[in-house]
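Work through the following exercises with the sequence and the coordinates at hand, and try each task before reading its solution.

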Amino acid sequence: MDYETIDADSFGRSLRGIGLNLLVRDVPAECAFLETVFGLKSHQVTADFAIVTYGDQVFQLHSDGTYHSNPLLGLVPETPPRGGGIEIHLYDTDPDEAAERARSAGAVVLQEPTDKPHGLRETYILCENGYAWVASRPKDG
């Protein structure tokens with residue numbers, strides 16, 4: 001599927017399984033963060049919307065303004081962490097490299113890369129919207 005040219009109706013009809021829509025203050029800024037730190041790809045980026053891909057998986061970013069009639073908007077806190085309570089795991093992303101890129105980009109590394117007892121090496125990185133992005137890979141050995 002060509003995410004750069006697909007129209008809204010066709011894109012919506014293509015969605016299956018579990019979907020993730022993240023409400024953010026600044027769509028282009030969040031896209032830049034995701035591309036810089038995690039190597040994600042952003043498509044059709046506007047001030048209000050973007051399609052984001054991670055491997056063969058897809059999710060969406062929406063600006064606050066697009067939720068003007070959505071019942072969730074009234075529940076979004078104006079003070080961080082906006083995304084408190086959610087972890088977004090990127091299982092095919094090197095945590096050491098992501099943490100270094102996050103620090104270079106001025107993002108908050110909540111937890112340095114750590115070998116966990118469940119077999120993964122992970123780092124927790126907080127974006128400016130308060131979402132906890134977790135770069136994970138199977139740990140060595």
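Predicted model: local features only at pLDDT ≥ 70, side-chain atom pairs only at ≥ 80, totals over all residues.

## Exercise 1: A threonine in strand 7

**Task.** Determine whether Thr123 is buried or exposed, and state which backbone atom its side chain reaches.

**Solution.** Thr123 is placed in strand 7, and with a relative accessible area of 0% it is buried. Its side chain reaches the backbone oxygen of Gln111, the distance being 2.6 Å. To complete the surroundings, set aside residues up to four places away in sequence; Thr123 then touches Pro95, Ala99, Val109, Gln111, Glu112, Pro113, Trp133, Val134 and Ala135.

## Exercise 2: Salt bridges and what they connect

**Task.** The count of salt bridges comes to 8. Which parts of the chain are tied together by the pair of Asp94 and Arg137, and which by the pair of Arg121 and Asp96?

**Solution.** Begin with Asp94 and Arg137, whose side chains meet in a salt bridge at 3.5 Å, N to O. Asp94 belongs to the loop between strand 5 and helix 3 whereas Arg137 belongs to strand 8, so this pair ties together parts that are 43 residues apart in sequence. Arg137 is partly exposed, at a relative accessible area of 36%.

Turn next to Arg121 and Asp96, which form a salt bridge whose closest N and O atoms are 2.8 Å apart. Because Arg121 lies in strand 7 (residues 120-126) and Asp96 in helix 3, the pair ties together parts that are 25 residues apart in sequence. Arg121 is partly exposed, with a relative accessible area of 23%, and Asp96 is partly exposed as well, with 35%. A network of salt bridges links Asp96, Asp115 and Arg121.

Finally, consider Lys116 and Glu122, which form a salt bridge with the closest N and O atoms 3.7 Å apart; both Lys116 and Glu122 are buried.

## Exercise 3: Two hairpins around strand 3

**Task.** Describe how strand 3 pairs with strand 2 and with strand 4, and identify which residue has a positive phi in the hairpin of strand 3 and strand 4.

**Solution.** Strand 2 and strand 3 pair in the antiparallel sense over 3 bridges, with His43 standing opposite Ile51 in strand 3. These two strands form a hairpin with 5 residues between them, and Gln44 in the turn has a positive phi of about 50 degrees. Gln44 is a residue other than glycine, and at 26% relative accessibility it counts as partly exposed.

On the other pairing, strand 3 and strand 4 run antiparallel and are joined by 6 bridges, and the bridge partner of Thr53 is Val58 in strand 4. Their hairpin has 2 residues between the strands, and there Gly55 takes a positive phi near 65 degrees. As for burial, strand 3 is mostly covered, since 5 of its 6 residues are buried.

## Exercise 4: The nonpolar core

**Task.** State which residues have the most contacts inside the largest nonpolar core, and which element gives the largest share of this core.

**Solution.** The largest nonpolar core has 26 residues, and Leu34, Phe38, Leu61 and Trp133 are those with the most contacts inside it. The elements that give two or more residues to this core include strand 1 (21-24), helix 2 (27-38), strand 3 (49-54) and strand 4 (57-63). Helix 2 contributes the largest share, 6 residues. Taking Leu61 as an example, and not counting residues up to four places away in sequence, its contacts include Leu22, Val24, Val27, Leu34, Phe49 and Val52.

Notes:
Residues numbered from 1 in each chain as written. Heavy atoms only, no water. Core = buried A, V, L, I, M, F, W, Y, C linked by side-chain atoms within 4.5 Å. Buried < 20%, exposed > 50% of the residue type's maximum accessible area, 1.4 Å probe, protein only. Helix = DSSP H or I, 4+ residues; strand = E, 2+ residues; numbered from the N terminus. Contact = heavy atoms within 4.5 Å. Salt bridge = Lys/Arg side-chain N within 4 Å of Asp/Glu carboxyl O. Polar contact = N/O pair within 3.5 Å; in protein donor to acceptor, adjacent residues only side chain to side chain. Pairing = 2+ DSSP bridges.
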